[in-house]
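Colleague: I would like to learn how to read nonpolar patches and cores in a model. Could we begin at the surface and then go inside?

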Amino acid sequence: MKRYILAITASFTISTAHAQSMTGWSTQVDGLTSYQSETKLDDGNEFTATRSFLRVTGLNTSASGTAVGLSVSLGQFDYEFANTATQPWTDIQDIRLAVPVRFKLDSGANVFLAPSIRWDYQQGVDASDGQTYGVFGGISWKVRDNLTIGPAFGAFTQIGNDDLELFPALLIDWDITDRLNLTTGSGLGATQGPGLTLKYATTDTTAVGLTARSESVRFRLDDKGIAPNGVGEDQSYPVVVSFEYSPNPGLSFSAFAGAEFGGELALETTSGKTVSKQSYDTAPIAGLAFRLRF
């Protein structure tokens, strides 16, 4: 469930520089679609995956800099297995709802909290069976004109597991040079997830970037297959190179390509017993994304 980090920070910021330069309501609409080409599992079965997301975020910023917003995201993971007789699942739905809050302390530190609810479930399953919730928060300081940094943490429930997942994170926005930036943010990749993006502005309207992250998503399965009503999990480490075109500050288009490393699909029963865990070969990925702010 660590993919929450970027989904929430993106909902929280809309774009920090953009949000801080204005008061009142700001809106952001962004979307992504990616394709993972055919890759082989340990048992010899092969699969491809197409992932699509659309997110709408509204943020109301006061004159003091305090901001409260709402973010709604709809997504789908379309899996195609060569051998349908042994396929662990089919298409997965992904719905997210977050309420990001940002404010500034007297010391100058920026604080944010983002409670959220998420639903991940196979088609045909009641959405409530794939519900999880939690909060992600952090605090950051502008230690230099070109560097903002600070710690963050997340606490989330898990599908099919009573344990609460707790994890730390690092927030950073570092202008290494006038054109080179390292940031924790909603960088491009196969899906949304925590990671780092190193971006170089080649011109005033174009940039190239390198993004790496860890991804893991768990979802409720239907009452058929190897693990009826159980839990499926897909985790990997995508690394992509991107090209971004921003004709104006409120609009950007991106194309990216790379690969998913260390991929693994797992199946658990309703009691939490692992019935299958298979690695898959390094899988090439490519996709497109856009962002609109107004």
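Modeller: This is a predicted model. Start with the strands: β14 (231-248) and β17 (283-293) each supply at least two residues of the nonpolar patch.

Colleague: Which residues form this nonpolar patch on the surface?

Modeller: Its members are Leu 54, Tyr 200, Val 208, Phe 243, Tyr 245, Phe 253, Phe 290, Leu 292 and Phe 294, with about 830 Å² of accessible area together. The protein chain has an accessible surface of about 13300 Å², and 58% of that belongs to carbon and sulfur atoms.

Colleague: Take Leu 292, in strand β17. Why does Leu 292 count as partly exposed?

Modeller: Because its relative accessibility is 34%, and the partly exposed class runs between the buried limit of 20% and the exposed limit of 50%.

Colleague: What should I expect of nonpolar side chains in general?

Modeller: In soluble globular proteins they tend to be buried together. Here, 50% of the 294 residues of the protein chain count as buried. The largest nonpolar core has 16 residues, of which Phe 47, Tyr 79, Phe 81, Trp 89 and Leu 265 touch the most other members.

Colleague: Which strands each supply at least two residues of this core?

Modeller: β2 (46-61), β3 (67-81), β13 (215-220) and β15 (251-268) do. Apart from this core lies another, of six residues, including Ala 152, Phe 156, Phe 167 and Leu 171.

Colleague: What does Trp 89 touch, leaving out residues up to four places away in sequence?

Modeller: Among its contacts are Tyr 79, Phe 81, Phe 219, Leu 265 and Leu 267, as well as Gln 122 and Glu 233.

How values were computed. Residues are numbered from 1 along each chain as its sequence is written. This is a predicted model: local features need pLDDT of at least 70, side-chain atom pairs count only at pLDDT 80 or more; totals for chains, interfaces and linings use all residues. Side-chain values use heavy atoms; hydrogens and water are left out. A nonpolar core is a set of buried Ala, Val, Leu, Ile, Met, Phe, Trp, Tyr and Cys residues joined through side-chain atoms within 4.5 Å. Buried means under 20% relative accessible area, exposed over 50%, partly exposed in between (1.4 Å probe, protein chains only). Helices (H or I, at least four residues) and strands (E, at least two) are DSSP runs, numbered from the N terminus. Contact means heavy atoms within 4.5 Å. Accessible areas come from the Shrake-Rupley method with a 1.4 Å probe; for residues, only the protein chains shown count as cover. Patches are made of residues with over 30% relative accessible area and no salt bridge: like charges are joined within 9 Å, nonpolar side chains (Val, Leu, Ile, Met, Phe, Trp, Tyr) within 5 Å. A salt bridge is a side-chain nitrogen of Lys or Arg within 4 Å of a carboxyl oxygen of Asp or Glu.
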